Amino acid sequence: MKRWQLITLILLTFISLVGEFFIEHDPNHSTAWWSGFPLFWALFGFAGCILLIFFAKYVFKILVQRREDYYD
Amino acid sequence: MISIIHPSLLMIVGAILLPLLPKVFRSAVFIIASLAGLIILWTLPEGNYLTLNFLGNNLILLKVDALSKIFAAIFAIITIMGGVYAYHLKDAVQQTAALFYSASAIGVTFAGDFITLFVFWELMAAASLVLIWSKKDKASAKAGMRYLIVHLFGGSLLLAGIILHISDTGSILVEHLLSKNSVANWFIIAGFGLNAAIPPLNAWLPDAYPKATVTGAVFLSALTTKTAVYALARVFAGWEVLLILGTIMTVYGVIYAVLSNDIRELLSYHIISQVGYMVAGIGIGTMIGVNGSTAHAFSHILYKGLLFMGAGVLIHATGRSKLSELGGLAKFLPITLVLYLVGGFSISGVPLFNGFISKSMVVYAAGDIHNYLAVILMNIAMVGTFLSTTLKLPYLAWFNPARTPCPPDWRQPVGRGSGGKEKPDAEIKLNPIPINMHIGMGLTAFLCVLFGVAPSLLYQYLPYQVSYEPYTGAHLVETAQILLLTFFGFWVFRKKLAAEPLISLDFDWFYRRPKYFIKRLLVDGVLSVFDKTDKILMKVVNTLIYFGKNPGNTIAILTLKEPSAKYFDYDPNISRPSTLLIISGILLVFVIIIAVVVI
């Protein structure tokens with residue numbers, strides 16, 4: 001990654017994280033109690049991404065991945 | 001009344017005329033026919049038209065309302081875009097098939113009765129098959145055959161359902177069905193579900209689409225699954241089973257996509273994932289749910305077409321489709337990268353792109369009925385979509401540090417410029433990209449951004465009037481947090497995502513793998529018994545022959561474990577003792593006989 005790309009990304013992340021404390025929650029947007037936790041969706045994104053990678057690459061892979069000539 | 005023309009009819013006429021025209025006009029006529037289809041269908045007033053009597057049933061060929069109109073419109077739009085993308089194509093078979101395919105899809109959306117719907121449904125399967133077989137290699141021939149068989153099965157389910165439905169109710173109208181106790185309804189939903197690629201009826205899609213032609217895959221990605229989404233929305237809105245299956249689909253497709261090696265297989269699994277949102281929205285069945293599904297189908301057709309176009313450019317340029325064989329293309333295909341990323345941002349639901357304004361509607365609808373498990377799973381699917389489509393695929397295909405710098409002679413003819421150094425891809429050269437491919441991508445990308453920036457352009461044509469505002473502060477922050485942190489997760493573990501040359505088993509295992517066992521049982525098994533018998537018999541025969549040549553070898557044959565030819569030829573050292581023994585034995589017998597006679 002180039003430096004300006006990294007800076008832009010970090011800036012955007014910062015805005016999105018801090019922004020959460022300045023916006024008012026949409027009253028029409030009915031949400032569960034847990035989604036109101038501060039930074040819930042940030043943690044969700046990070047943990048979800050890692051979980052997906054590891055579940056797919058270490059568990060699911062064993063179940064479904066085979067050599068390319070498997071059906072031949 | 002006379003002024004009403006069926007848009008499909010016009011496109012079918014175009015498709016039939018197409019092969020008769022000179023080559024240079026075909027691509028233009030393709031675009032004009034689909035454009036004319038779009039204009040006609042968009043100006044149709046709501047109502048039932050073109051009714052005709054068939055075997056005592058009143059067929060309604062053209063039933064126009066908001067739902068059918070918006071679906072038909074997007075089918076026509078993507079046909080135009082695909083026509084631009086495929087403008088360079090000089091293959092009348094594919095062009096005719098694509099136009100037929102699109103016309104049939106529009107025919108399904110406007111069908112007011114089940115008989116018309118079924119006819120167009122099957123025409124669609126046949127026309128789409130041509131786009132797979134046109135690739136003309138062994139893999140596509142086989143995959144096309146499986147596609148055909150699976151779709152014939154799906155068509156049979158649908159037909160069985162329709163026949164049962166007509167005999168139960170006497171009605172042939174395509175209308176909202178409610179009864180969950182009717183066998184007919186379950187047959188129909190299974191027939192629709194197969195085309196919507198709902199697991200376990202999903203495997204045909206990632207099996208066949210990666211093997212279609214570069215341009216054909218664009219049409220395939222847009223039409224078959226979305227006509228099924230339309231049919232489900234029309235007939236089965238509010239069936240809870242669709243909410244459950246749809247939510248599972250969103251995650252199911254995403255997990256497979258993480259593992260996929262073929263770029264179009266990866267995108268195919270994301271079709272399953274994205275169609276999951278639509279199926280779930282239909283399962284929710286509220287006005288906002290069905291609106292969300294419709295909007296998402298509209299957005300999805302645009303960005304998925306764009307993504308398949310981008311993947312098609314990669315395949316066209318390199319002749320390769322596997323991530324494990326691609327890499328370092330950023331220098332050569334920068335425009336393709338940018339346009340592909342527009343599609344990638346759209347499918348991931350990045351604000352200002354069209355996925356954001358439609359996907360969120362379905363998630364909102366799930367939250368609205370307090371199904372938070374569905375909300376969580378759909379958001380996981382969003383994480384996975386961003387991860388595979390927008391981060392992993394471009395990273396591995398365009399950058400891939402394991403394969404950079406890209407061999408400089410990718411642009412050179414075979415055998416030149418290797419300079420003695422080892423270059424793993426020296427034999428590859430980049431094919432030139434026809435400009436129309438990029439124009440097609442550019443137009444589609446423009447629409448993706450247009451509807452993302454101005455969602456009301458789309459919202460006003462949705463089937464129900466409900467107010468929904470995607471650009472709220474809370475929604476923006478939520479989306480930004482999920483996507484940005486997904487990016488950091490990807491960046492930390494990007495090495496783990498390296499593509500491996502493996503294939504993934506799906507539900508197609510159940511009809512592809514038995515072939516192996518049946519072959520072993522009925523072919524290999526029988527052959528090996530035959531083979532063994534043959535060997536044993538030959539051995540016996542050979543032994544007898546050598547025995548006949550020289551009976552003195554008997555002992556040698558019996559004592560040696562592996563009687564081979566060299567022991568059967570005359571060898572005094574081996575033959576002498578046994579011959580001696582036999583002669584002595586015979587003499588002894590004679591002596592005994594004589595002795596007995598004399599005495």
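I will start with the ground rules, then go through the domains, a hairpin, the contact between the chains and the salt bridges.

This is a predicted model, in which local features need pLDDT of at least 70 and side-chain atom pairs count only at pLDDT 80 or more, while totals for chains, interfaces and linings use all residues. Residues are numbered from 1 along each chain as its sequence is written, chains are lettered from A and ligands numbered from 1 in the order in which they are written, and side-chain values use heavy atoms, with hydrogens and water left out.

Domains come first. Chain B is assigned domain 1 (1-236), domain 2 (240-414 + 425-512) and domain 3 (516-598); such bounds come from an automatic or database domain assignment. The C-alpha centres of domain 1 and domain 2 of chain B are 23 Å apart.

How many residues of domain 1 of chain B are in contact with domain 2 of chain B? There are 48, and they touch 48 residues of domain 2 of chain B, where contact means heavy atoms within 4.5 Å. Between them the two domains bury about 4000 Å², with 79% of that on carbon and sulfur atoms. Buried area here is the accessible area (1.4 Å probe) that two parts lose on being put together, summed over both.

Ten residue pairs are in polar contact between domain 1 and domain 2 of chain B, both residues being at pLDDT 80 or more. A polar contact is a pair of N or O atoms within 3.5 Å; within protein, one must be able to donate a hydrogen and the other to accept it, and residues adjacent in sequence count only if both atoms are side-chain atoms. On the domain 1 side, the elements of chain B that give two or more residues are helix 3 (66-85), helix 6, helix 7 (183-195), helix 8 and helix 9 (216-235). Helix 3 of chain B gives the most to that side, with twelve residues. Helices (H or I, at least four residues) and strands (E, at least two) are DSSP runs, numbered from the N terminus.

Next, the hairpin. Strand 1 (residues 47-54) and strand 2 (residues 57-64) of chain B pair in the antiparallel sense over seven bridges; two strands pair if DSSP finds at least two bridges between them. Thr51(B) has Ile60(B), in strand 2 of chain B, as its bridge partner. Two residues lie between the strands of this hairpin, and Leu55(B) there takes a positive phi near 50 degrees.

Now to the two chains. Contact joins 49 residues of chain B to 44 residues of chain A. The area buried between chain B and chain A is about 4700 Å², and carbon and sulfur atoms give 72% of it. Leu259(B), Gln481(B) and Ile503(B) supply 14% of the area that chain B buries against chain A, more than any other three residues.

Between chain B and chain A there are 13 residue pairs in polar contact (both at pLDDT 80 or more). Several elements of chain B supply at least two residues each to the side that touches chain A, among them helix 10 (240-259), helix 14 (354-368) and strand 3. Helix 18 of chain B makes the largest share of that side, 15 residues.

Last, the salt bridges: a side-chain nitrogen of Lys or Arg within 4 Å of a carboxyl oxygen of Asp or Glu.

Buried means under 20%, exposed over 50%, and partly exposed in between (1.4 Å probe, protein chains only). Lys61(A), at 21%, is also partly exposed.

Within chain B, Asp207(B) and Arg146(B) form a salt bridge at 2.7 Å, N to O. Asp207(B) is in helix 8 (residues 204-208) and Arg146(B) in helix 6 (residues 138-169), 61 residues apart. Asp207(B) is buried at 4% relative accessibility, and Arg146(B) is buried at 17%. Shared partners join Arg146(B), Asp207(B), Lys211(B), Asp508(B) and Arg512(B) into one network of salt bridges. One salt bridge is found across the interface of domain 1 and domain 2 of chain B. Arg512(B) bridges to Asp207(B), with the closest N and O atoms 3.6 Å apart.
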